[in-house]
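Please read these points with the model open beside you.

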Amino acid sequence: MKLDKKQNRLRRARRARAKIRELKANRLSIQRTPQNIYAQVMGRDGANILGSATTLVADVRKGIKNGFNVEAAAIVGARIAEKAKAAGIDTVAFDRSGL
């Protein structure tokens, strides 16, 4: 049985998330759209969002030219790092979502 692109991506994501659960690590998930960048730190169980940052927030939006360039990514990265540190998180595992 041949799998299509989406099924292959979901299979990879499931395998990576199983490994992250095995390591008992918090997950960092990044989503990038043509207009914005979103970042979330999820708990070890995957059910709780411990911190999030996005380019949609007003104080981030005023400091950048557009929401999807390298400058925006650096600001979102700094904000998610601050929120993770405030929540007592030192290390995270990067969740590629199968990509």
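1. Tyrosine 38 has threonine 54 in E3 as its bridge partner. In the same way, alanine 39 is partnered by alanine 53 in E3. Five bridges join E2 to E3, residues 49–54, and these strands run antiparallel; two strands are said to pair if DSSP finds at least two bridges between them. Strands (E, at least two residues) and helices (H or I, at least four) are DSSP runs, numbered from the N terminus.

2. The model is predicted, so local features need pLDDT of at least 70 and side-chain atom pairs count only at pLDDT 80 or more, while totals for chains, interfaces and linings use all residues. Residues are numbered from 1 along each chain as its sequence is written, and side-chain values use heavy atoms, with hydrogens and water left out.

3. The protein chain has three helices and four strands. Their order from the N terminus is α-β-β-β-α-α-β. The C-alpha trace spans about 50 × 30 × 20 Å along its principal axes. Of the 99 residues, 29% count as buried; buried means under 20% relative accessible area, exposed over 50%, and partly exposed in between, with a 1.4 Å probe and protein chains only. Of the contacts between residues at least 6 apart in sequence, 45% join residues at least 24 apart, where contact means heavy atoms within 4.5 Å.

4. E1 and E2 run antiparallel and are joined by six bridges. A hairpin connects E1 to E2 through four residues. Within this pair, arginine 27 stands opposite methionine 42 in E2. E2 and E3 also form a hairpin, with six residues between them, and glycine 46 in that turn has a positive phi of about 85°.

5. Lysine 24 also deserves a look at its backbone: its phi is near 55°, a positive value in a residue other than glycine. Most residues other than glycine have a negative phi. Lysine 24 sits in the loop between helix H1 (5–23) and E1. Is lysine 24 buried or exposed? With a relative accessible area of 58%, lysine 24 is exposed.

6. Aspartate 95 belongs to strand E4. Why does aspartate 95 count as buried? The reason is its relative accessibility of 2%. Leaving aside neighbours within four places in sequence, aspartate 95 is in contact with Arg17, Ile20, Arg27, Leu28 and Ser29. The side chains of aspartate 95 and arginine 27 are joined by a polar contact of 2.6 Å. A polar contact is a pair of N or O atoms within 3.5 Å; within protein, one must be able to donate a hydrogen and the other to accept it, and residues adjacent in sequence count only if both atoms are side-chain atoms. Aspartate 95 and isoleucine 30 are 65 residues apart along the chain, and their C-alpha atoms are separated by 7.7 Å.

7. Serine 29, in strand E1, counts as buried at 14% relative accessibility. Not counting residues up to four places away in sequence, serine 29 touches Tyr38, Ala39, Gln40, Met42, Asp95 and Ser97.

8. The largest pocket has a volume of about 240 Å³. Of the 12 residues that line this pocket, the closest to its centre are Ser29, Ile30, Gln31, Arg32 and Ser97. On a 1 Å grid over the protein atoms alone, a pocket is an open set of points where a 1.4 Å probe fits, with protein on both sides within 12 Å along at least five of seven lines; lining residues have an atom within 4 Å of a point. Grid points are joined across faces, edges and corners, and a volume is the space filled by probe spheres set on the points.

9. Which strand gives the most to the lining of the largest pocket? E1 does, with four residues. Strands E1 (27–32), E2 (37–42) and E4 (93–95) each supply at least two residues of that lining.
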